[in-house]
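Reader: I would like to learn how to read the features of a model like this one, taking them one at a time. Could you show me the chains and begin with the terms that you rely on?

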Amino acid sequence: MSYLLTATCAVPAAGAVLTAALPGGTTEARRRTAKLTAMAVSTAALVLAVLVAVRYEPGGDRYQLTESYSWIRSFGISFSLGVDGIGAVLVLLTAVLVPIVLLASWHDAEPIQNPDGTFENLRRTQGFFALVLAVEAMVIVSFLATDVFVFYVFFEAMLIPMYFLIGGFGDRAGGPDASAQRSYAAVKFLLYNLLGGLVMLAAVIGLYVIAAGQGLATFDLPTLTNAIADGRLVIDPTAEKALFLGFFFAFAVKAPLWPLHTWLPNAMGEATAGTAVLITAVVDKVGTFAMLRFCLGLFPEASTTFGPVILVLALIGIVYGALLAVGQKDIKRLVAYASISHFGFIIMGIFAFTTQAQSGATLYMVNHGISTAAWMLVAGFLISRRGSRLISDFGGVQKVAPVLAGTFLIGGLATLSLPGLAPFVSEFLVLVGTFSKYPVIGIIATLGIVLAALYALLLYQRTMTGPVKEGVAGMADLKVRELAVVAPLVALTILLGVYPKPLTDLVNPTVDATQSQVQQTDPAPAHPVAATTGGEHK
Amino acid sequence: MSGWLAAAGGNSPSIPAPHIEYGQLSPMLIVFGAALLGVLAEAFLPRRARYGAQLTIALLGLAASFGAVVVLAAQGHATTEAGLLAMGAVAIDGPALFLQGLIVLSAAVAVLTYAERRLEPRLNGNAVDAFAPQGAAVPGSEQEREATRAGFASTEVFPLTLFAVGGMLLFPAANDLLTMFVALEVFSLPLYLLCALARRRRLLSQEAAVKYFLLGAFASAFFLFGTALLYGYAGTVSLGGIADVVSGVAQVTPALAGSTQNDALLLIGLAMISVGLLFKVGAVPFHSWTPDVYQGAPTPVTGFMAAATKTAAFGAFLRLFYVAFPGLRWDWRPVMWGVAILTMVVGAVLAVTQQDVKRLLAYSSIAHAGFILTGVIASNKQGIGAVLFYLAAYSFVTLGAFAVVTLVRDSKGEATHLSSWAGLGRRSPLLAAVFALFLLAFAGIPLTSGFTGKFAVFQAAAAGGATPLVIVGVLSSAVAAFFYIRVIVLMFFSDPRPGGPAVAVPSVLTRTAIAIGVLVTLVLGLAPQYFLDLATSASVFTR
């Protein structure tokens with residue numbers, strides 16, 4: 001048994017504790033110690049994540065590098081970890097994004113100085129960096145857990161550090177009631193997700209009771225899925241539907257799927273840009289990932305039954321999110337609505353049940369994470385310079401800060417899936433895959449691309465072009481630290497757009513395995529392939 | 001009548017001398033002995049020596065009692081050697097020993113908070129605690145001022161608490177209805193007194209005591225009346241005997257043969273006893289005393305009541321329904337379903353509107369009573385284990401939470417109004433973080449003891465076929481989470497009010513109490529296996 005997966009989770013967890021325990025204070029040195037510690041820890045986690053991805057063999061077992069430690073024997077719970085292709089790329093995504101987010105948030109969590117010169121909340125910096133690492137650890141456990149209970153626990157526990165990140169730290173662009181807005185957003189985030197989680201808890205207990213009734217008192221995912229596949233575990237269809245809905249509800253809130261999305265714009269709008277990236281690019285991915293791993297793996301029949309309904313909801317999300325993004329006045333809320341539209345694509349890809357669409361959806365999770373991170377973080381730099389989130393407060397930025405404007409454009413173009421940039425590949429796969437089975441839905445979904453061009457380019461036009469507005473004049477261009485944040489993201493966006501093969505190689509075997517779990521096959525091509533392969537006849 | 005007189009006259013030697021197993025009753029006897037010692041100390045020691053002596057007696061007594069519980073459990077009295085003591089009046093078995101150990105430990109933690117003397121400002125050079133200087137003095141009177149000036153202290157709270165603890169130890173172990181009733185009274189009467197002894201806001205405290213006493217007396221009367229009816233039905237008050245009559249195994253005396261067929265006696269008797277017990281656990285619709293009493297009582301006493309009374313009462317509840325009335329499961333389960341659903345929903349919904357942290361915790365305790373009831377209703381072995389575990393988890397979170405409440409103070413004493421807790425997280429991050437941990441445990445967030453407990457009872461309930469209860473439980477948990485989180489928001493994300501409360505620096509006593517609360521909350525959340533095993537192995541009733 002190797003300890004690689006445990007180490008990948010434990011390093012950021014230990015780092016969080018360490019960072020939180022560092023002494024607080026107002027001196028620059030104290031704060032820098034905390035920041036550097038967190039950076040070092042997240043870099044170590046990145047190294048471990050790369051190791052995981054390298055050691056994962058795409059052609060091998062479904063779950064690899066498995067580890068298992070008994071935790072609560074009374075309920076058949078063990079702390080089991082295992083990595084599959086999808087998990088590997090998402091762990092990699094998380095580990096890549098966290099150091100970048102930390103670097104981008106370098107000055108976002110300084111102690112608050114009162115008007116009388118005294119400082120409040122002297123451990124604010126330590127707190128922020130520790131919370132981000134805690135989220136990283138919990139997200140990684142969620143991606144690796146092969147025990148339903150362990151997954152549930154970390155899926156839920158993640159809410160607490162996220163809640164404090166959203167509620168405790170905001171950008172300096174808020175109005176006079178910024179603090180009230182922020183706690184509103186934090187509470188909304190927590191209540192939505194907690195409700196989802198509690199409904200899932202009922203389903204988790206239900207699953208356990210049913211399995212225990214048939215002699216399988218365990219939460220071990222491979223055991224359960226195998227038992228379902230070979231008929232040792234029979235779940236009554238009504239119960240299966242109820243359990244599926246219980247799990248799916250939690251994931252749909254987290255992902256978020258229309259109409260359960262309304263917490264996302266508040267949360268992303270009020271939080272710092274770094275936290276917003278953490279929400280949309282990392283934490284929300286747990287939702288879509290869990291749909292693939294748990295909903296499809298445990299409840300194949302119900303997934304097929306509810307597939308079309310979910311497709312329609314996803315489709316509404318695509319169009320609705322994009323339409324609302326066009327109408328936003330606030331840059332960060334615009335990015336949030338764009339994300340809702342993109343999550344629609346991801347969920348559509350999952351429930352279209354074709355190999356192309358599903359592997360597109362998996363790639364989409366990664367690509368959306370990278371491109372949105374680039375877009376959002378540059379937007380964050382922009383907002384912190386002007387002290388405002390309103391689009392109308394900007395104009396002509398490209399004349400004073402060309403590099404900033406350029407990277408912002410690349411983020412926007414990636415979001416609208418420009419060919420050559422990473423999201424294009426995945427969006428194309430999702431659309432083609434969906435179209436081959438559900439042509440009408442596929443066609444309507446392309447509206448999302450058209451609208452994406454509208455909101456992304458309009459945003460660029462309104463903020464970056466035109467005459468230089470008051471308040472924008474004299475705006476500094478990207479500094480070295482900010483360039484270091486943006487450069488890897490832009491590089492990855494281009495690299496994965498041109499050469500996505502490493503990713504698809506990792507992901508595809510797992511996607512095939514998931515497909516066969518739900519016993520779905522790709523529809524036969526309209527023009528029989530036999531005609532071309534027939535040439536082999538002599 | 002003449003027969004009775006003849007027996008008393010000594011003509012009939014047939015009344016056997018009761019055989020008492022002192023060793024196996026030692027947990028209770030030690031606590032009662034310590035309480036009596038406390039009374040003597042109160043009577044004969046000089047005033048200035050009493051505080052130290054009482055604290056020592058109480059802690060040593062509780063420690064010795066816990067030691068006795070451990071020894072008895074190690075001797076196998078919880079499992080293979082389980083049996084009846086004192087001629088069938090008291091049972092010694094897994095649930096009894098588990099709950100006795102739990103009650104003794106919670107009482108020890110509560111006694112630590114009783115003894116805290118750093119929080120109140122010193123009066124005339126005397127360190128004072130949370131209790132009135134002289135219980136008998138009329139609030140605001142000259143007599144009270146004199147008592148204060150003289151530096152009096154109500155050190156009798158320690159023996160009173162020990163008497164209550166003794167009754168609580170007997171309550172879940174009582175194996176007949178009369179012993180159960182005596183235990184109920186023994187632990188209730190000192191609690192009524194303790195509730196009236198708050199140093200600050202004495203009128204509120206006395207009002208709480210009167211309400212608690214009156215309603216408690218009603219509940220006791222219901223319990224006693226139910227006992228009488230059940231005796232009329234079964235001809236015995238022993239729990240095992242009633243079960244035998246209910247199931248038709250045992251024949252009753254011919255004199256009662258006529259009424260034994262009368263199910264009305266049985267069902268009404270059962271209902272009345274249940275009213276008495278549901279009152280003590282604070283279940284809806286018998287909950288209305290809870291917020292007033294929790295708010296008015298001195299906070300250390302509230303913590304003790306909330307943890308230990310609930311534990312003892314649920315213990316008796318389990319024994320009654322699992323030993324005496326398993327055969328009537330189909331009669332009492334539907335009613336208890338209704339009570340559990342009402343308790344969860346009413347507790348959670350009413351808590352949302354509370355503005356006082358002690359009332360908030362009171363309503364939260366009502367909601368928790370509902371969650372525990374779902375485990376009771378499971379009517380399977382898992383259910384018993386789950387309830388035992390839940391009680392352990394809940395007790396220490398509650399004790400810790402009320403201990404934190406004693407620390408947030410302004411010039412008028414404890415600042416319990418929620419608005420004054422705003423911004424606490426900025427001023428005292430550590431204290432706010434600890435309280436947040438307790439709130440998260442109440443809310444049942446994973447990796448805290450509250451989650452493990454909730455999972456255990458819900459899982460038992462689902463296995464017992466009570467899926468709708470689990471769904472109601474989950475939904476009311478979501479409502480409950482809202483108000484716990486509201487307090488967290490207030491503490492961390494609201495700006496502190498100028499002139500708001502300050503956090504008092506406690507002595508090592510309260511620190512220890514809070515630290516134990518934190519430790520248990522985390523251990524039962526992160527590594528609960530040992531304690532789940534303990535609760536499971538302790539989940540067989542003897543009869």
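Author: Helices (H or I, at least four residues) and strands (E, at least two) are DSSP runs, and they are numbered from the N terminus. This is a predicted model, in which local features need pLDDT of at least 70 and side-chain atom pairs count only at pLDDT 80 or more, while totals for chains, interfaces and linings use all residues. Residues are numbered from 1 along each chain as its sequence is written, and chains are lettered from A and ligands numbered from 1 in the order in which they are written.

Reader: Where does Met87(B) lie, and what is its phi?

Author: Most residues other than glycine have a negative phi, and most peptide bonds are trans. Met87(B), although not a glycine, has a positive phi of about 55°, and it lies in the loop between β1 (83-85) and β2 (90-92) of chain B. A residue is buried if 20 or more other C-beta atoms, placed from the backbone, lie within 10 Å of its own, exposed if 12 or fewer, and partly exposed in between. Met87(B) counts as partly exposed because it has 14 C-beta neighbours inside 10 Å.

Reader: Is Leu65(A) buried or exposed?

Author: Leu65(A) has 23 C-beta neighbours inside 10 Å and therefore counts as buried. Its phi is positive too, near 55°, in a residue other than glycine, and Leu65(A) is found in strand β1 (residues 64-72) of chain A.

Reader: How should I read a pair of packed helices, and at what angle do α16(B) and α22(B) cross?

Author: Two packed helices are described by the angle between their axes and the distance between the axes. Here axes are lines fitted to C-alpha atoms, for helices over the stretch in contact, and angles run from 0 to 180 degrees between N-to-C directions. The axes of α16 (residues 381-405) and α22 (residues 529-537) of chain B come within 8 Å and cross at roughly 130°. That angle makes α16(B) oblique to α22(B), since angles under 35 degrees count as roughly parallel, over 145 as roughly antiparallel, 65 to 115 as roughly perpendicular and the rest as oblique.

Reader: Which residues of the two helices meet?

Author: Two residues are in contact if their C-beta atoms, placed from the backbone, lie within 7 Å. Gly385(B), Leu388(B), Phe389(B) and Ala392(B) in α16(B) meet Phe531(B), Leu532(B), Ala535(B) and Thr536(B) in α22(B).

Reader: How many residues of chain A are in contact with chain B?

Author: In this model, 30 residues of chain A are in contact with 28 residues of chain B. On the side of chain A that touches chain B, the elements that give two or more residues are α5 (148-157), α6 (159-168) and α7 (178-213), and the largest share, 17 residues, comes from α7(A).

Reader: What can be said of chain B as a whole?

Author: Chain B has 22 helices and five strands, and buried residues make up 59% of its 543 residues.
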